[in-house]
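Keep the view open as you read.

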Amino acid sequence: MDISLWRTLDAAANRASEGLRVIEDFVRYGQNDVFLTTELKSLRHQLDSTLQRFDRLQAITSRDTFGDVGTTVQGKLEHARSGWSDLLTANFKRLQQALRSLEEHAKLIDGEVAANFERARYLAYSLEKMVMTTVAASGVFPEVSIYVLTDGWADGQLFDTFVAQLVEAEVEVIQLRDKNLDDRTLLVRAELLRKRTAGTTTKMILNDRADLAKVSGADGVHVGQEELTVSQARSVLGIGKLVGVSTHSIDQARQAVRDGADYIGIGPTFPSGTKTFDAFPGVDLLREVAGEITLPGFAIGGIDLGNVAKVSAAGIRRVAVSGCVSKADDPGMVVRQLREKCQNM
Ligand SMILES: Cc1ncc(COP(=O)(O)OP(=O)(O)O)c(N)n1
Ligand SMILES: Cc1ncsc1CCOP(=O)(O)O
Ligand SMILES: [Mg+2]
């Protein structure tokens, strides 16, 4: 084989491994994300085993760092990164470009190896989506966040009064979840909610209905395991909107990260007065998710002031509640007390 081909493969292999390491270090030490670290590690191992099909010694022998014209040709911004997003993007690009170079050059030697590099490149694209979404979403939902689900109440006035109290208490998220109202009435409630939350820090989410979320200008939609997928919901809503998904097992939580969800609901945690369930993954699931996933996760199901300490003790300090707030004489006070209890863990 031509020495220049060895030299190219050696340089591209180093570039791919280095880019991958930078990203892995970021999610491992910067984010403490076990799941993303594991996914990146598995790409690294896949890459290593493909590279082993080449004779490493031949590649290293062909190396000529001082004779590399590229070492003196540097982009203006090579030594500057404006933030984590820039840093990650630059290294994902480095990784993907190096994989493409490996793939194209490997075609001259071994089609099977070239196909392996192609698979690695596709994996790198989906890892980019997972890492970027997870890190961005962590900035959208504060580490302690209270998320309230509400139905449309008996009339618009009652609904508006309730929502106004939550916004006043600076609740992080309000989800409109009403399975009984007709679409037009639901949309009128959604518009009331939009008016109350516009220009505040409270995000507005619609349950199930990506179409109504779009029409009402909501910040996002929440979907369940049997409803629209994350990518279908996103294609209805458009970019820049939030898509949350319910998870009832660690595998579903991992899949939500792979799908690029902005947050997950985790539960049901305790028996709920709002919805009935046959099974409860409970605090064990919360602990499991908290141990490996940093995509924002909201514990849900039967949470109130009396048991929220068990949720925070499991490592989850974002909670989604309905009954304990909607039945309270002072909903805003309950929101503040829930927040305080999560903060004090
Ligand atoms: C934040 C949050 N988590 C979970 C759910 C439940 O969604 P789903 O499983 O689709 O059930 P329904 O709410 O549609 O009955 C949720 N709504 N919000
Ligand atoms: C919609 C939903 N999904 C899981 S639990 C739940 C209801 C949460 O309400 P509550 O806090 O009253 O149990
Ligand atoms: Mg649903």
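A residue counts as buried if 20 or more other C-beta atoms, placed from the backbone, lie within 10 Å of its own. Strands here are DSSP runs of E with at least two residues, and helices are runs of H or I with at least four, numbered from the N terminus. The model is predicted, with local features needing pLDDT of at least 70 and side-chain atom pairs 80 or more, while totals for chains, interfaces and linings use all residues. Residues are numbered from 1 along each chain as written, while chains are lettered from A and ligands numbered from 1 in the order written.

Start at strand β7, residues 297–300. In a regular strand, side chains alternate between the two faces of the sheet. In β7 both faces are covered: Gly297 and Ala299 are buried on one side, Phe298 and Ile300 on the other.

Now look at the neighbours of β7. Strand β6 (residues 263–266) runs parallel to β7, joined over 3 bridges; DSSP must find at least two for strands to pair. Here isoleucine 266 has alanine 299 as its bridge partner.

Finally, find ligand 2. Among the 14 residues around it, Ser272, Thr274, Gly301, Ser322 and Gly323 come nearest; a residue is near if its C-beta atom, placed from the backbone, lies within 6 Å.

Methods: A residue is buried if 20 or more other C-beta atoms lie within 10 Å of its own, exposed if 12 or fewer, and partly exposed in between; C-beta atoms are placed from the backbone.
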